[in-house]
Amino acid sequence: MSDVSVDWEKARELAYTAGRAAAGRAEPVTLSEADGRTLAEPLRALTDLPAFPTSSIDGWAVRGAKPWRPVGRVLAGQIAPPLTEDGTCVEIATGAMVPAGAEALVRIEASTRDGDGRVLGEPRNGYVPEWRQPGEEAAKDEELLPAGTAVDPAVIGVAATCGYESLSVYPRPRAGLLVFGDELLTGGTPGAGRVRDSLGPQIPGWLRRLGATVEMVAGPVQDTLDAHVTAVRENLSIADVVCTTGGTMHGPVDHLHPALTELGAEYIVNTVAVRPGFPMLLARLPGNRFLAGLPGNPQSAVIALITLVAPLLAGLQGRPAPVLPAVELTGDVRGRGGDTHLALARLSHDGRTATPVGHVGSAMLRGLANAHGFAVVRPGSEAAAGDVVPFLPLPLLTGERP
Ligand SMILES: Nc1nc2c(c(=O)[nH]1)N[C@H]1C(S)=C(S)[C@@H](COP(=O)(O)OP(=O)(O)OC[C@H]3O[C@@H](n4cnc5c(N)ncnc54)[C@H](O)[C@@H]3O)O[C@H]1N2
Ligand code: MOO
């Protein structure tokens, strides 16, 4: 808990730790429902994989010296009777169980039949068992993936191969969003002192990309303390994490801090030594719920989201803390004294270099819409072209911002 500006990295750690400690109870879900969830237990092989010796070709399973007399046929899905006599073979299909006693496989295209119907040909690699051996991919009980693994289609495929019908996963965190600010328009063009709300339409997409469901989006909430308290209470009744935008400072109509006091909140982070976005906060509310206060300036709100809410949601989902990649800067980025500077930047196609973009004022979104994330310049330092710095990514999906 803190009521003074926290170092940016420390703030991320505090958010992750708070989320991890509040991760939901594991629940079993069917494989098709598991996409996007997180393994609550290691995925182990339930049998040897493959579970039986498996032919990788269409052809003949042979025993002894040629010619081989066919004594049967084994198709995928069948149990192969053993080959007991030298000079015999069975016709075999790809995926079929190789009979006990077989010594080699001969591909159909490498074989001929003599006048008596006997099979001739050469095993491709001589008399070595070139079929898939039981346990070649995994031994029974071997850990294939650790707890905390994000479930994606390939993980679901492996689980199905192993024989799982369901997986034990963490629940998806439920998020809500409250937009504060009487000056905000929800339609039409800005003017006459009013601006369009650019966070109500934007934040839910980022939350979903971070693995949360979005249960409620409300606002603009009237700029009174009562309206704030009522709106947060309502949102908290259906969400584990409520994000609010605006009102984090102490202006005449900034009601977030007084509302938190009224709701019995305990600060986990209350302002962060980072530019932009310093007034961000994260608080714990009774019932193991969280409120993330995102500053009103739109870019700062997104910075707060990926600084605090991303690690919080990773923890709540039982995932590892996000690790930031390192990138080489192609241009200079100034430091911000005792604060961490997050500078919008675009990555090269190989992801190795980052180029600062323009239009980066905290009230602007144009730079954000053209960037992959933020180059991180730590307190007390400046960054020059050629320097390697951490990179805080936006949670973009494949194909977004190619
Ligand atoms: N005396 C000081 N004033 C301010 C300081 C400061 O250090 N001393 N810091 C500035 C910074 S930096 C930020 S960030 C903001 C944070 O203030 P709030 O979180 O209380 O946000 P608001 O005052 O409600 O709004 C700030 C700004 O953002 C616009 N805004 C708000 N919500 C939205 C939205 N959903 N869509 C688009 N734009 C939004 C709002 O109109 C204001 O222009 O405080 C500064 N002040
Ligand atoms: O810190 Mo404010 O959050 O720069 O826009």
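Strand β21 (residues 326-329) and strand β25 (residues 388-393) pair in the antiparallel sense over three bridges, pairing being taken to need at least two DSSP bridges between two strands. This is a predicted model, in which local features need pLDDT of at least 70, side-chain atom pairs count only at pLDDT 80 or more, and totals for chains, interfaces and linings use all residues. Residues are numbered from 1 along each chain as its sequence is written, while chains are lettered from A and ligands numbered from 1 in the order in which they are written. Helices (H or I, at least four residues) and strands (E, at least two) are DSSP runs, numbered from the N terminus.

**Strand β21**

- Glu-328 stands opposite Val-388 in β25.
- β21 and strand β23 (residues 353-356) run parallel and are joined by two bridges, with Ala-354 of β23 as the bridge partner of Leu-329.

**Helices α1 and α6**

- Helix α1 (residues 8-21) packs with helix α6 (residues 298-316) at an angle of about 30°, their axes lying 7 Å apart.
- That makes α1 roughly parallel to α6, a term for angles under 35 degrees.

Definitions and conventions. Axes are lines fitted to C-alpha atoms, for helices over the stretch in contact, and angles run from 0 to 180 degrees between N-to-C directions. Angles under 35 degrees count as roughly parallel, over 145 as roughly antiparallel, 65 to 115 as roughly perpendicular and the rest as oblique.
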